[in-house]
2 protein chains.
Amino acid sequence: MTLAEKAYDALRHDIIRGELAPGRPLRLADLSQRYGMGFSPLREALNRLQAERLVMAESLRGFRVAPLSLDELHDAMALRIVIETEALKASIGHGDDAWASGIVSALYALNLQAARTGGEANIWTLEARHHAFHRALLAACNSPWMMEFFERLYAATERYRIPVLLAAALPAGRDVQAEHSALAQATLDRDAGKASALLDQHYRRTVDDLAEAIRANDGDILRVRLFG
Amino acid sequence: MTLAEKAYDALRHDIIRGELAPGRPLRLADLSQRYGMGFSPLREALNRLQAERLVMAESLRGFRVAPLSLDELHDAMALRIVIETEALKASIGHGDDAWASGIVSALYALNLQAARTGGEANIWTLEARHHAFHRALLAACNSPWMMEFFERLYAATERYRIPVLLAAALPAGRDVQAEHSALAQATLDRDAGKASALLDQHYRRTVDDLAEAIRANDGDILRVRLFG
DNA sequence: TGCAACCGGATTTTCGAAAGAATTTGGAAT
DNA sequence: ATTCCAAATTCTTTCGAAAATCCGGTTGCA
């Protein structure tokens, strides 16, 4: 693995998790220090991330972490619904036993982690398994373009979810794991209409909850932090 | 404009037009000669294009122009239909007079160019206006993510259209300009159902024609040209 | 005071060379 | 003739420094 690839992974990771705050300028000298490498691999990684809209670039003024906004959250989630319901239908059409087993396994692992509390609870493990579950649902759609856009939008929206999860600011009265199970069941039953309706509903609730949590937080989660 | 940005524009342009053939290795020394700049700006541009799937990269083995395949054409066009019909409905919902005027103007300019023959006919002008027309239809969708994916998929599918246009291998018996006019009319009439149906139909015909032309050409258009 | 030009430091961008990795070549042994 | 190994070559990747640009503050002038 080249340094540029390491830089890409590390920067992407740190941006999505919010360790590099939205709006923060990404100075090459700082990054060089932080990641222990020269400018060239960092610039290559930043250019890739720019194309993915995780980083913004301005000519001769360098790079900064892409900002967040409620508008973008709504935009990205609305498009996720369009693309993922379509991909789910295709997946249900094409999926074989390996695909179905993948869903069962991903759901099981997700439920295990979701049930853990206290020291065993780990938001990053939970997040990874949540991602894996949603990917497993779509995995058989047989469309590289859909999968790419799924990954792009997942990363974009994860940036909103993570600070909310960290603040444990999720509204009660919602059984997310039950939604996941129902979604998996409808998918495994090859009921495309029901499965995509459940997925749509799942995401509508998610975006409502996120928007609510952000409002409750006075938008601090989104606030552009120029330094830090 | 920095050299890296110039390199990005030039490479993107040359890849989409097929001047850099699918599959061709992109050696830094060659590119440096071709575009008259050092390695750094070229590598930055290549990394951006890699993220856009116009270029493929392999660790320590450099870059090559992304290959073409019938499968990818079908995949990309199918997703264009999903995204653009959605964007068109949203555009019809939000569009104001400036948006409507933009469509009229883009359609007029496209028709002018499409009517020209002989020395006045210019495939690149035609292509630019075709792109501008389709963009104008969606311009009011108010979704940066949809517009980005539209641009990505347009670029991806343009790579298949251009060699066919250059070979003038379009099947007769289809009045593409009439389809554009009808589509514009339904859109301006704010008939979302009819407009998206026409757009869907327009693209289904396009993909059929392209696939047919490529088959007639024995797939030579897609053939990976390792040297070229 | 208001304003424009200008300097100095900070930062990005680019280059050229060195380092590192893969591929090819050529030759020796089987 | 074929296989294997090592040297040579080609190419990518990375670094460090030089060039270009931006930003903030200050000076000079009306």
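The surface near DNA strand C draws on both protein chains: helix 3 (39-51) and strand 3 (62-65) of chain A, together with helix 1 (3-16) and helix 3 (39-51) of chain B, each supply at least two residues of it. The model described here is predicted.

### DNA strand C

There are 20 residues around DNA strand C, and those that come nearest are A:Arg43, A:Leu60, B:Leu3, B:Gly38 and B:Ser40. Of the atoms of DNA strand C that come within 4 Å of the protein, sugar and phosphate account for 84%. By class, this surface has ten nonpolar, five polar and five charged residues.

Phosphate oxygens of DNA strand C take part in several polar contacts. A backbone N or O atom of B:Leu3 lies 2.3 Å from one such oxygen. From chain B there is also B:Arg61, with an N or O atom of its side chain 3.2 Å from a phosphate oxygen of DNA strand C. Chain A contributes A:Leu28, where a polar backbone atom is 3.3 Å from a phosphate oxygen of DNA strand C.

### DNA strand D

Which elements supply the surface near DNA strand D? Helix 1 (3-16) and helix 3 of chain A, together with helix 3 and strand 3 of chain B, each supply at least two residues. Among the 19 residues around DNA strand D, A:Leu3, A:Gly38, A:Ser40, A:Arg61 and B:Arg43 come nearest. Sugar and phosphate make up 84% of the atoms of DNA strand D that come within 4 Å of the protein. The surface near DNA strand D divides into nine nonpolar, five polar and five charged residues.

| Residue and its atom | DNA strand and its atom | Distance |
|---|---|---|
| A:Leu28, polar backbone atom | C, phosphate oxygen | 3.3 Å |
| B:Leu3, backbone N or O atom | C, phosphate oxygen | 2.3 Å |
| B:Arg61, side-chain N or O atom | C, phosphate oxygen | 3.2 Å |

### The sheets of chains A and B

In chain A, three strands form an open sheet in the order 1-3-2, with antiparallel pairing. Strand 1 (25-26) and strand 2 (55-58) of chain A stand at the edges with a single partner strand each, so one side of each has no neighbour in the sheet. Strand 2 of chain A is joined to strand 3 of chain A by four bridges, and the two run antiparallel. The bridge partner of A:Met56 in strand 3 of chain A is A:Arg64.

Chain B has an open sheet of three strands in the order 1-3-2, and its pairing is antiparallel. Why is one side of strand 1 (25-26) and of strand 2 of chain B left without a neighbour in the sheet? Both strands stand at the edges and each has a single partner strand, so one side of each is left without a neighbour.

Strand 2 (residues 55-58) and strand 3 (residues 62-65) of chain B run antiparallel and are joined by four bridges. They form a hairpin with three residues between them, and B:Leu60 in the turn has a positive phi of about 65 degrees. Strand 1 of chain B pairs with strand 3 of chain B in the antiparallel sense over two bridges. In strand 3 of chain B, B:Arg64 is the bridge partner of B:Met56, and B:Arg64 is also the bridge partner of B:Pro25.

### Domains of chain A

For chain A, an unreviewed UniProt entry lists residues 1-68 as "domain: HTH gntR-type". This span is 51% helix and 15% strand, and its end C-alpha atoms lie 31 Å apart. The domain assignment of chain A gives domain 1 (3-65) and domain 2 (70-216). Their C-alpha centres lie 27 Å apart, and ten residues of domain 1 are in contact with seven residues of domain 2.

A:Leu165 is found in helix 7 (residues 144-166) of chain A. Leaving aside neighbours within four places in sequence, A:Leu165 is in contact with A:Ile123, A:Glu127 and A:Leu170.

Note on methods
Residues numbered from 1 in each chain as written. Chains lettered and ligands numbered in written order. Predicted model: local features only at pLDDT ≥ 70, side-chain atom pairs only at ≥ 80, totals over all residues. Heavy atoms only, no water. Near = heavy atom within 4 Å. Polar contact = N/O pair within 3.5 Å; in protein donor to acceptor, adjacent residues only side chain to side chain. Nonpolar A, V, L, I, M, F, W, Y, C, P; charged D, E, K, R; others polar. UniProt positions renumbered as here; feature names shortened; annotations may be inferred. Pairing = 2+ DSSP bridges. Domains from an automatic or database assignment. Contact = heavy atoms within 4.5 Å.
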